[in-house]
Amino acid sequence: MRTRTERFLPFALLLPTIAFLTLLIVIPMVQALLLSVMAESGGLTLDNFRRMVADVNFSDAWRNTLLLLILIVPLQIVLALVMALLINSRFRGHGIFLYIYAIPLAISDLAAGILWLAVFTERGYLNSTLQSAGVIDQPVLWLSFDNFAGILSAIVIAESWRATALVLVILIAGLQLIPRDFFEAADLFGANRLRRTVHVVLPLLRPSLQSALIIRTIFAFQTFAVVFALAGRNMPVLAGEAYTWYATNRNEHVAAAYAVVVLGLTAVAIVAYLRVLGLREAEVQR
Amino acid sequence: MRGMSARAFAFAAAATILVTACSTTGTPSGGGTTAGDQGNPFVFASTQFSPVTEQENMRKKILAAYQGASVDFVTDQEPVILDRISAEAKSGAAGQIGLAGLENGQFAALVAAGAFDDITKIADKHKDQKIPQDMLTLGKFGGNAQVYIPWMQATYFMVASKQALQYLPTGADVNALTYQQTIAWAKNIFDKTGQKKFGFPLATDGLIHRLIQGYFYPSYTGGLVTTYKSADAATMWNDMKELWKYSNPQSTTYARLQEPLQSGDIWLGIDHVARLIDVLKAKPDDFVAVPAPAGPKGRYYMSVVIGLGIPKTSPNKGGAEALIDYLLKPETQIITLRENSFFPVVDVKMPSDLNKGLQLEADAVAKQANSKDAKVVPLPVGLGSKGGEFNKAITDTFVRIVVKNEAVQTVLNEQAAIIQKTMNDGNIKCWGPDGTSTGACQVK
């Protein structure tokens, strides 16, 4: 027979988490939803969404956000996976590699953006290096307003540098959870390194990959500081528009409408990941 | 055990660094004498001096000789400061902010909410300091109460690299340029060097909207809102498109023109005094500072007035008054100019040992104001919380016409409709170059 305390203990232990989530996630989320459908004079309206859709930056912001997502997330997952497998192979000095890879984690995204601006700007490190090497005579305008590919590449490089380590940390944790027995069994059956990776490591890494994908996608939807620093006004993104409408244009209703769109997109992406990479009952129990 | 304590130490050190780095407030200034006599300590909140060096100058140099109640100078971006003042006003109880230092237009947002005391008496006390009457009138927002007293002022002007002077079109006087001559100048540089050397402050935190509001529009059309889609306006936008052809295509990343000027990415540009001072101080011999160009309707320029207001919820009104008195002293006004490049509003004798870069600025400001065809406009007045949307409508017009090359009149008609809606929603009356109106200002 369980005592009363035992029955309530799990709930008591959950309480701090629930309080945290309610205070800092649920309440602001509900407030944002309300704000997005409220007129300035009070009362419910869809005007804020109409205004958002009619805005000059809206379609560009959609396109750019999705484009960045499609380019950045797969690139980072592949890069992080390669780095994680490399570190997990425990070659000599693998610890140093981990520390070097993790450095960008400590840098704020705006600082990272400014850092890369110093690289790509007209008289930046990239141009001066290329010039002194004799590759180019005149500085190349990588971030010129009519050089969309240049701006996009700069952002993808900067974002990959900044946030790949986040994915890396999750994948390394996942790799370390895989019991050694599996590798021994694979070796016994004569699997080479490649087959071992494809048939043993990747399937067992799926739960970690799923978390990494979800977290990275959420962050990709929130990206804007790096974009602001490198592209200025040239490349509106959804999260950036939410910020601009709140901080610069001083209209929290339209800002909330953008936030709701970002929330919706994020939710759709997460459900998709859970479905596609979903863990079957048996795997969970194992 | 040793490992643990080392870790704890590292953590404490990291936390200390973080806290110090993140804090926007420094050591409280003043309070050197017995704080009890001076009343409660209070916060001096401002939207100005947000760069770290300017904050430090304010706390350590400008406020150094201040002797009153303990003051904590806090600065942040406009929405943060305005939200904090309005939150204290809404709460009604005694707040922390004792004094606010804001732009004229930023006060307007809070005046409607009745957030500030009437400080007519303080203004009267400073009568013999000869603060310009039109600035004091601006601080009344059309009523009788003195909402703020002017503290310092700034403006925008043009800076040109001396390398560009050889390409000046024939017959053009660099101190009395027109927009046509400026375009010809930029074109000439492009023709001779193959480089696009004009710069616009077009980044998301650049001040392009101020240039359009206070310089391009009034100089070409004699108005702003009323003339927004006029034929004169179309002429202006076509000229801007022409100028854009010779402008650095990386302009969309320029927040402050001093950086591309200093690196040589651009040779010409118009920007705010505080966003040009670094290059003028660093290389005073390589640049000239000249008045902004003139258009068909005159040489319009914008005057930025920063004022001091006492919130109704101020925890120490006597202390706030003492701080106003201190900030308006001629000595303090000169230190403010020297350290943070904002110009005095009171009658002062300019010192002869001014920094070379500052001297360049002071001369340009005087030349601009004293030009034969000079006409002054204030920052937009009375927009209140609509200010952001108004600025956006203006900047979007620039981006659509000039950067994205959309049809001029179509864009003007569409953006004028947005501007009209903003005017109507806020019932905002005409100001400055548009004259006055009884109801909301109307686009003609």
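1. Which residues have the most contacts inside the largest nonpolar core? In this predicted model, they are Phe157(B), Val159(B), Tyr215(B), Leu268(B) and Ile419(B), within a core that has 130 residues. Strand β4 of chain B, residues 149-161, supplies the largest share of this core, namely nine residues, and the core takes at least three residues from each of domain 1 and domain 2 of chain B.

2. Val159(B) deserves a separate remark. When its neighbours within four places in sequence are left aside, the contacts of Val159(B) are Leu261(B), Gly269(B), Leu276(B), Val279(B), Leu280(B), Phe287(B) and Ala289(B). Apart from the core of 130 residues lies another core, of 55 residues, which includes Ile172(A), Phe221(A), Leu238(A) and Ala242(A).

3. On the domains of chain B, the assignment gives domain 1 as 2-153 + 304-361 and domain 2 as 155-303 + 365-434, and the centres of domain 1 and domain 2 of chain B, taken over C-alpha atoms, are separated by 29 Å. Where domain 1 and domain 2 of chain B touch, 18 residues of domain 1 are in contact with 20 residues of domain 2.

4. The elements of chain B that give two or more residues to the domain 1 side of this contact are α5 (104-111), β8 (299-309) and α15 (356-370). By class, the residues on that side of domain 1 of chain B, facing domain 2, are nine nonpolar, six polar and three charged.

5. As to the overall form of chain B, there are 17 helices and 10 strands, and the radius of gyration of chain B is 23 Å, close to the 22 Å that the globule rule gives for 444 residues, so chain B is as compact as a globular protein of that length. Along its principal axes, the C-alpha trace of chain B spans about 65 × 60 × 50 Å.

6. Burial and contact range in chain B can be read alongside these dimensions. Of the 444 residues of chain B, 53% count as buried, and among contacts in chain B between residues at least 6 apart in sequence, 77% join residues that are at least 24 apart.

7. Finally, the contact between the two chains takes 18 residues from chain A and 21 residues from chain B. The side of chain A that touches chain B comprises six nonpolar, seven polar and five charged residues.

Methods. Residues numbered from 1 in each chain as written. Chains lettered and ligands numbered in written order. Predicted model: local features only at pLDDT ≥ 70, side-chain atom pairs only at ≥ 80, totals over all residues. Contact = placed C-beta atoms within 7 Å. Nonpolar A, V, L, I, M, F, W, Y, C, P; charged D, E, K, R; others polar. Core = buried A, V, L, I, M, F, W, Y, C linked by C-beta atoms within 7 Å. Buried ≥ 20, exposed ≤ 12 C-beta atoms within 10 Å, placed from the backbone. Helix = DSSP H or I, 4+ residues; strand = E, 2+ residues; numbered from the N terminus. Domains from an automatic or database assignment. Rg over C-alpha atoms; globule rule 2.2 N^0.38 Å.
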